[in-house]
Amino acid sequence: NKILKRRVCLLINEWIGLNVINDENMDKIYKLLQNLIDPSNPINDRVVKLTAIQTLKTILTDWDFKKQIIKPYLKDFTSLLIKLVGEMEFTESKLFTLNTIADLIYKTNPLISIEELEELVSIVPKFWDASNDSNELILKNSLLRILKNLIVSLNDNSPTTWDLAIPLIKACCSPQSEYYAMLSEDGYELWLALLQFYPINHNDGAEDAMIQSLLELYINALMNQTEILPLILEILRSYTLLVPGLVVADNTRDFIRGSFKILTKYIGNMRDDSLDILISDLEITIMESYHDLNQFEKLLSLLMESGLLPKIISMILDDEQSPITVGKLLLIIARIAYIEPSNLIQAIHYIYPDETQFTTNLKKFTTVWYARMDSNIGNPRNRKIHTLGLTSLLRTGQVVFFQDMSTLISLWIS
């Protein structure tokens, strides 16, 4: 009987993904799996239960998974899986079951009720404390993943997890922590989820301060986690969106300058995904300054002091630089030029103090910019931003910008 049950699960596991199971039969499969996973059923041994969990995980991760069919069974599946974690003896079995719980939460969002999600939150500290044995530390990765998915599913109700999530982020992402080597990446993903699902109408100053206190861990992440740089940059971008004026605030000036200095070292060798996030973050920061010239001057000062803006200009003027990369970097230049073009001229003059070099490179700068407009900037939004930036350069009165008027006019018309 047990052998047949296991074989049936393995057969279903093979059928998933072949589009041979209709919705009616899938409903019957959920009923079967619910029965096979049930710890109170003495007929099912652990092998049968684990095989049933494997089948459930395969269904959840299938491309054609339909969450509405599993909805009536969600509450039972979550409670049964939680019971099974405590029943399992081997670390691998516990890990597999916890990963299935994480997938269940993620794939069925937002069908699980708030009450059930909050109950699931309570299992994290319970199993966290129970997995301190060196052989079970790997379980903490799955617990962090579960907590991250719970934050995503809770959405506006995510602050209920903060008392648990914030200390865990500090424990995982602090270089001095015993968990840093193994859990830091999952900790950063949890940190990002906490920021991305921060409720707009939340007004608790103490909790806001707790989230901002995590920034003390950021410089280390930026310096030492280059293999997950897109994730680390996403965290900074989320803070920029979440805390308006953060970049130019007096109490964060040293932090931002330090971050920009590190990014200056990285930007020349960044992968496209990291560069896209950095460009987006800088765009957001510049746009915040559109109607506040004093704020814009502070931002420009940070970009110059850190060397990030001179590095961007040097990369644009580098003949060996990828045209696609130059096109992306010019978007930042366009934003700056639109607000105050004279500051851009001063930045180029700072890099090339010799008048002859300055004039030559200023001409080359506009030539490169127009060349990229022809071939590498096709997005209508970005073309508009670039055209506004190029047009704003005329306000400086520099003769070199009036020498390409026919090209600029054609951009206006197009």
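Residues are termed buried under 20% relative accessible area, exposed over 50% and partly exposed in between, with a 1.4 Å probe and protein chains only. This is a predicted model, in which local features need pLDDT of at least 70 and side-chain atom pairs count only at pLDDT 80 or more, while totals for chains, interfaces and linings use all residues. Residues are numbered from 1 along each chain as its sequence is written, and side-chain values use heavy atoms, with hydrogens and water left out. Helices are DSSP runs (H or I, at least four residues), numbered from the N terminus.

**Helix H16**

- Helix H16 covers residues 272–288, which makes 17 residues. Its first and last C-alpha atoms are 24 Å apart, close to the 24 Å expected (1.5 Å times one less than the number of residues).
- Of the 17 residues in H16, 12 are buried, and the helix is mostly covered. Among them are Ser274, Leu275, Asp281, Glu283 and Ile286.
- The buried residues of H16 pack against helices H14 (229–242), H15 (253–266), H17 (293–306), H18 (308–317), H19 (323–339) and H22 (380–392), where contact means heavy atoms within 4.5 Å.

**Aromatic pairs**

- The whole structure holds 10 aromatic pairs. Rings of Phe, Tyr and Trp (its six-membered ring) pair if their centres lie within 6.5 Å; planes under 30 degrees apart count as stacked, over 60 as edge-to-face and the rest as tilted.
- Trp191 and Tyr218 make an edge-to-face pair, at 6.4 Å centre to centre and with 85° between the planes. This pair links distant parts of the chain, since Trp191 belongs to helix H11 and Tyr218 to helix H13 (residues 218–224), 27 residues apart. Both Trp191 and Tyr218 are buried.
- Tyr290 and Tyr338 make a tilted pair, at 5.5 Å centre to centre and with 55° between the planes. Tyr290 sits in the loop between H16 and H17 and Tyr338 in helix H19, so the pair ties together parts that are 48 residues apart in sequence.
- Tyr290 is partly exposed because its relative accessibility is 26%. Tyr338 is likewise partly exposed, at 37% relative accessibility.
- One aromatic cluster is formed by Tyr188, Trp191, Tyr218, Tyr239 and Phe255.

**Loops and backbone features**

- The peptide bond from Asn109 to Pro110 is cis, with omega near 10°. Pro110 lies in the loop between helix H6 (91–107) and helix H7 (114–121).
- Asn155, in the loop between helix H9 (139–154) and helix H10 (162–173), has a positive phi of about 55° although it is not a glycine. Asn155 is partly exposed, because its relative accessible area is 36%.
- Tyr198 is found in the loop between helix H11 (180–196) and helix H12 (205–213). Tyr198 is buried, because its relative accessible area is 16%. Tyr198 and Asn155 are 43 residues apart in sequence, and their C-alpha atoms are 7.4 Å apart in space.
- Asn19, in the loop between helix H1 (2–15) and H2, has a positive phi near 55° and is a residue other than glycine. Asn19 is exposed, because its relative accessible area is 61%.

**Largest pocket**

- Asn19 is also one of the residues nearest the centre of the largest pocket, together with Ile21, Met26, Asp62 and Asp64. In total, 16 residues line this pocket.
- On a 1 Å grid over the protein atoms alone, a pocket is an open set of points where a 1.4 Å probe fits, with protein on both sides within 12 Å along at least five of seven lines; lining residues have an atom within 4 Å of a point.
- The largest pocket has a volume of about 240 Å³, and helix H2 (residues 23–37) gives the largest share of its lining, three residues.

Methods
Helix = DSSP H or I, 4+ residues; strand = E, 2+ residues; numbered from the N terminus. Points joined across faces, edges and corners; volume = space filled by probe spheres on them.
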